[in-house]
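The following exercises are to be worked through with the sequence and the structure at hand. Each task is followed by a solution in steps.

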Amino acid sequence: MTTWQCLPFDELTTHQLYDLLKLRSEIFCVEQNCVYPDLDDHDRAQNVFHLLGYVNNELVAYLRLLAPGVTYDNVSIGRVVVTPSQRKHGLGHQLLRQGLTHAETIWPQQLIEIGAQQYLVAFYQSHGFTQTSDMYLEDGIPHVDMQLLQDPT
């Protein structure tokens, strides 16, 4: 069973911060063989939230929720990551559903924009996202922009 916590930067413990940065580094820098500035100051921006998923007290899933104006004009979700040992069991879908639920609670009925790695387009489309750009390279990795209008009901 996965336990979820959604916290602003100032409420993260030093251990939580270390674990989320370690997980992001292991996946986005080492696994994907990509050198880029992961520490972009968005983590500690106002109205940015960190969603952490734990199994047996180990951080296995993470994403960050960004307020309008931090990276896009609208709400955004980024740094979506699941540890390799937990992949192929649906945890990525759980993580994104949790992220969308928290985004709707924090910023009701807002458009969500993301920059998705191109190989994950079908994953995001399965959650209602629509591709809104051609492919572009970000840090040498093919990406596309996508949008989701949260349920206005």
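**Exercise 1.** Determine whether Phe9 is buried, partly exposed or exposed, and identify its contacts.

*Solution.* Step 1: the classes are defined by relative accessible area, found with a 1.4 Å probe on protein chains only: buried means under 20%, exposed over 50%, and partly exposed in between. Phe9 has a relative accessibility of 27%, and therefore counts as partly exposed. This is a predicted model, in which local features need pLDDT of at least 70 and side-chain atom pairs count only at pLDDT 80 or more, while totals for chains, interfaces and linings use all residues. Residues are numbered from 1 along each chain as its sequence is written, and side-chain values use heavy atoms, with hydrogens and water left out.

Step 1: Phe9 lies in the loop between β1 (3–8) and α1; helices (H or I, at least four residues) and strands (E, at least two) are DSSP runs, numbered from the N terminus.

Step 2: a contact means heavy atoms within 4.5 Å. Leaving aside residues up to four places away in sequence, Phe9 touches Leu17, Asp43, Arg44, Val48 and His50. Phe9 and Asp43 are 34 residues apart in sequence, yet their C-alpha atoms are 6.6 Å apart.

**Exercise 2.** Describe the largest nonpolar core and state which element gives the most to it.

*Solution.* Step 1: a nonpolar core is a set of buried Ala, Val, Leu, Ile, Met, Phe, Trp, Tyr and Cys residues joined through side-chain atoms within 4.5 Å. The largest core has 28 residues, of which Ile77, Ile112, Ile114, Tyr124, Phe129 and Met146 touch the most other members.

Step 1: two or more residues each come from β2 (48–55), β3 (58–66), β4 (75–82), α2 (91–106), β5 (111–117), α3 (121–125) and β8 (141–149). The most, five residues, come from α2.

Step 2: a separate core of 11 residues includes Leu7, Leu12, Ile27 and Phe28.

**Exercise 3.** Find where Asn56 and Gln109 lie, and give the phi of each.

*Solution.* Step 1: most residues other than glycine have a negative phi.

Step 1: Asn56, in the loop between β2 and β3, has a positive phi near 50 degrees. Asn56 is exposed, with a relative accessible area of 73%.

Step 2: Gln109, in the loop between α2 and β5, has a positive phi near 55 degrees. Gln109 is partly exposed, at 44%.

**Exercise 4.** Locate Asp145 and list its contacts.

*Solution.* Step 1: Asp145 belongs to strand β8.

Step 1: residues up to four places away in sequence are not counted; Asp145 then touches Tyr72, Ile114, Gly115, Thr130, Gln131, Thr132, Ser133 and Tyr136.

Step 2: from Asp145 to Trp107 there are 38 residues in sequence and 20 Å in space, C-alpha to C-alpha.
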